[in-house]
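Subject: Structure for you to look at

Hello,

Here is the structure I promised to hand over. Please open it and keep it beside this email while you read.

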Amino acid sequence: SDGQHFPEDIMKLCIEMEKNGSDVVIGSRFIENRASVPLIRQLFNQLANMLTRIGSTTQTDSQSGFRLFNKKAIQSIHLELDDYSACSEMIWKIQQEKLKLTEASIRVVYNEYSMKKGQSFIKGIVTGLNLIKNLIR
C-alpha cells in the first residue's frame, strides 16, 4: 500500500509455496537485493533477526511484511503481540505449530514516504523488549 513492494512479486511467493509445499512464505529483501535496502533498515533487520533467532530460526528477513499464508497457517497462528514484534512472534508460532516456512526473493523500493514509517531506534528498543518479555512468558 505504500509503494514499497512490487505486486508482481506475489507470484514468486506463490511459486515458492507450491514448489516446496510451504505453509508460509516470507518475501526476503536480502536474498538477492540487499543493496537496494537503506543501511539503517539493514541494521534494524539484523538486530531483529538476532532476537528472532533466539527461537532458532534462520530467516534472512524476519521483519518483512510481504508474506503468504496457506489456510492451515492462517488457522494455526494465534498472535498475542500487536506491534512490530508480531513479525518475530509470527515466526516463533510457525515453528511451534511445526509449519513449513520458506523465503522467496523480492524487490523493494524505498521512497520518502516509506522511509518515514517503520522502525525507528526507539520503536526498535520497544520491539526488542516486547520480544524478550514474550519469550520469558
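Ser76 touches Glu97 and Leu99, leaving aside residues up to four places away in sequence. Contact here means heavy atoms within 4.5 Å. This is a predicted model, where local features need pLDDT of at least 70 and side-chain atom pairs count only at pLDDT 80 or more, while totals for chains, interfaces and linings use all residues. Residues are numbered from 1 along each chain as its sequence is written, and side-chain values use heavy atoms, with hydrogens and water left out.

Back to Ser76. It is found in helix 3, residues 71-76. (Helices are DSSP runs of H or I with at least four residues, strands are runs of E with at least two, and both are numbered from the N terminus.) Is Ser76 buried or exposed? Ser76 is buried, with a relative accessible area of 18%. The cut-offs are under 20% for buried, over 50% for exposed and in between for partly exposed (1.4 Å probe, protein chains only). The Ser76 side chain also reaches the backbone oxygen of Lys72, at 2.7 Å.

Now the charges. How many salt bridges does a search of the whole structure find? The search finds six. A salt bridge is a side-chain nitrogen of Lys or Arg within 4 Å of a carboxyl oxygen of Asp or Glu.

Start with Asp9. Lys12 forms a salt bridge with Asp9, with the closest N and O atoms 3.6 Å apart. Arg107 forms one with Asp9 too, at 3.0 Å. Asp9 counts as buried at 1% relative accessibility. Lys12 is partly exposed at 34%, and Arg107 is partly exposed at 30%.

Next, Asp61 and Arg29. Their side chains meet in a salt bridge of 2.6 Å, N to O. Asp61 lies in the loop between helix 2 (39-52) and strand 2 (67-69), and Arg29 in the loop between strand 1 (24-28) and helix 2, so the pair ties together parts 32 residues apart in sequence. Asp61 and Arg29 are both buried. Elsewhere, salt bridges with shared partners join Glu8, Asp9, Lys12 and Arg107 into one network.

One more item on Arg107. Its charged end sits over the ring of Phe6, 4.0 Å from the ring centre. That label requires NZ of Lys or CZ of Arg within 6 Å of the centre and within 35 degrees of the ring normal.

Best wishes

How values were computed: A polar contact is a pair of N or O atoms within 3.5 Å; within protein, one must be able to donate a hydrogen and the other to accept it, and residues adjacent in sequence count only if both atoms are side-chain atoms.
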